[in-house]
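Please examine the sequence and the three-dimensional structure shown here. The paragraphs that follow lead through the chains, their domains and the interface.

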Amino acid sequence: MTQLTRRKFVKAAGACAALGAMVSVSPRTFGKAKKGRVIVIGGGYGGAIAAKYIKMADPDIDVLLIEKNANYVSCPLSNEVLGGDRDIDSLTFDYANLSHKHGISFMTDEVVEIDAAKHSVKGKSGKQYDYDKLVVSPGVDFRYEKIDGYNAGVAEQIPHAWKAGPQTVTLRKQLEAMKDGGVCYIAAPPNPFRCPPGPYERAAQIAHYFKQHKPKSKVIILDAKDKFSKQGLFMQGYKKFYGDMIEWVSGASGGIIEAVDPKNNTLVGEVDEYKGEVLNIIPAQKAGKIAHIAGLANDSGWCPVNQKTFESTLHKDIHVIGDACIAGKMPKSGYAANSQGKVCAAAVVAALNGNEAGEPSYVNTCYSIIAPEWGISVAAVYQLVDGKIVGVKGAGGLSPMNANANTRAIEAQFARSWFKNITADMFT
Amino acid sequence: MKNMKKQLSALSAGLLLGWLVTGCATQTPSAQAPKTTKPAAAPAVAAKPAGVRSPSMLANTCAGCHGTNGASAGKIMPIIGGMEKEYMQLVLEEFKTGERDSTIMGRIAKGYSNNELKAIASYLADQTWVSSPFKADPKLAAIGKKIHEKQCKTCHEDGGRVQEDDAPRLAGQWPDYSLHYLKDCHKKGRRCAPRKMGSRVMKLSQEELNAMAHYYASEK
């Protein structure tokens, strides 16, 4: 447990007193609910929402959120930290409101074992917790083995920064320390991965910083793919704001990275080697660790689910949401996780009330900020057809290519207000 | 008359209750029918015939951008929870047809049938309006108030608090959003709907538009 400052302690104590009940949890007492016990593993864009919306829909269900970190740092908008327009604190949240306002029990613990037959989970702390329904929202883990020489240890020095937090700060510091005229390489991962437009927004944000402070520097994206999300809009924005400062190398043109030589700060491609002042490797991905331990993932590395309820097709009474699950046409985005968290919450509440799950509805909205006043977006509305999540025809799509500067400026503002609201949806 | 209309809408909300997920534990909606029947009396999510999506299922997808139950915490995103039902339905339909300009709402509204848009509007209308915490500049608000008294209050009564099917709530709205809307209307002039609003807004200066936004933000 982290230390509470006196002020924070008084505030927390006051919040409890005001509600007349301290929401605390011990493994043995959790689970006296009239309607059942739900455990949610992972308090991010999917898990925090599932926990909150289950409790909102039916306060008679006991909800326990188990999260390994005391604070949450948002990945969305973290590229603005690299660009210099935002600090990491503005992306950092705690779970106090979920606990005190919504009556969700909260444990800082890392789940290391799930016993699907016995309906119980075990934490690193040694504590065991029983559930009627389990929601697993573990996010992604990295396939370090796909790049020779790369591993979690090397990632402290050559960060992926694909989970926001200390590595985001490390990468920012490296950019700040870099001399003008240097090159920052971003190795972009193969599909599917968390936040498809993210590497390309990152390139723009780093270029935004270079343009102001290191105008002779370059950002080069070495891509495992031959095309990417919002490509036309990104290329248009790159050209408009950063000219030749950003270069994109497709997989077919030698962008696929096979190894890293940390001593020489060099990325090794199929054909060429790339020595840069700052390296950012975003490795290939798979479902978060616990999904694999618990046998929730298939050969693809991701978790197959019933796309109406997000219940695992491999283990009964365990639901998997967010980046880790296979959700039809939905991308691995924060908004998708939010939307899936709500569909899953409704299905869990229905089941614990002895009802069939209702017909689901899902949305994704994803903004990227190319320059402070230049935002672009993609949106989609989804429905369930023959058991698969598919986009509603005629809806959704990209910001238009020919939008004027005013529209782009408004979309950049929308991006930041989107962040305010989606995090408020999670943490207030 | 207005009160009666409100009661009617509260009543119809009550009729819908059987298949609504009601409210958030942190909100205590006043003067709303759901309050009395909110606890476990009805299951939170009742079985629905396949293919029909419940109002809460549909409307909860809005919260990612507009905040939980439409109580926006982002300064350029409008607060929509507690907005008048018919007005919101109309706006959503206009987004869908493209009659109303938008950056993203048109793309999203096209994903729903008109019945679904109606369900979304009525679900959000049943939520409690939560005014923005923004502290308006008193000087600007005073200028805005004068303009409001002269030109706006016939339709936007009681400082923009009263809602009609053709007049949304303005009081307590985020000023950045109000200003964004007013600027758009100013640019469109007589093409801004309704025309009588456009023809008045187009004559105001940018400073006056900003003052209007501050005035409505000051009226919680």
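Two strands are said to pair if DSSP finds at least two bridges between them. Helices (H or I, at least four residues) and strands (E, at least two) are themselves DSSP runs, numbered from the N terminus. The model is a predicted one, in which local features need pLDDT of at least 70, side-chain atom pairs count only at pLDDT 80 or more, and totals for chains, interfaces and linings use all residues. Residues are numbered from 1 along each chain as its sequence is written, while chains are lettered from A and ligands numbered from 1 in the order in which they are written.

Along the principal axes, the C-alpha atoms of chain A fill a box of roughly 65 × 55 × 45 Å. The radius of gyration, taken over C-alpha atoms, can be set against a globule rule of 2.2 Å times the number of residues to the power 0.38. Because that rule puts a compact globule of 428 residues near 22 Å, the 22 Å of chain A agrees with it. A residue is called buried if 20 or more other C-beta atoms lie within 10 Å of its own, exposed if 12 or fewer, and partly exposed in between, with C-beta atoms placed from the backbone. By this criterion 54% of the 428 residues of chain A are buried. Two residues are in contact if their C-beta atoms, placed from the backbone, lie within 7 Å. Among the contacts in chain A with a separation of 6 or more, 69% are between residues 24 or more positions apart.

The domain bounds used here come from an automatic or database domain assignment. For chain A, this assignment gives domain 1 (20-141 + 286-358) and domain 2 (144-283). The centres of these two domains of chain A, taken over C-alpha atoms, are separated by 31 Å. Contact between them involves 17 residues of domain 1 of chain A and 19 residues of domain 2 of chain A. On the domain 1 side, helix H3 (residues 79-83) of chain A gives the largest share, 5 residues.

Chain A also contains an open sheet of 5 strands, paired in parallel in the order E5-E2-E1-E9-E20. Strand E5 (105-108) and strand E20 (318-320) of chain A form its edges, each pairing on one side only. Neighbouring strands of the sheet are turned against each other by 20 degrees on average, direction ignored. Strand E2 (residues 62-67) of chain A runs parallel to E5(A) and is joined to it by 4 bridges; A:Ile66 has A:Met107 in E5(A) as its bridge partner. Helix H10 (residues 334-352) of chain A packs on the sheet, where it touches strand E1 (37-41), strand E9 (133-136) and E20 of chain A, and its direction makes about 175 degrees with that of E9(A). Such angles run from 0 to 180 degrees between N-to-C directions, the axes being lines fitted to C-alpha atoms, for helices over the stretch in contact.

Strand E9(A) is joined to E1(A) by 4 parallel bridges, and A:Val136 in E9(A) is the bridge partner of A:Ile41. Another 3 bridges join E9(A) to E20(A), also in parallel, with A:Val135 standing opposite A:His319 in E20(A). Which way do the side chains of E9(A) point? A:Lys133 and A:Val135 point one way and A:Leu134 and A:Val136 the other, and all are buried. In a regular strand, side chains alternate between the two faces of the sheet.

The interface between the chains takes 47 residues from chain A and 40 residues from chain B. On the chain A side, the elements giving two or more residues are helix H2 (47-57), H10, strand E22 (362-371), strand E23 (374-385) and helix H11 (405-427) of chain A. H11(A) provides the largest share, 12 residues.

From chain B, B:Ile104 lies in the loop between helix H5 (85-97) and helix H6 (105-109) of chain B. Is this residue buried or exposed? B:Ile104 counts as buried because it has 21 C-beta neighbours inside 10 Å. Leaving out residues up to four places away in sequence, B:Ile104 touches A:Thr365, A:Ser377 and A:Ala379.
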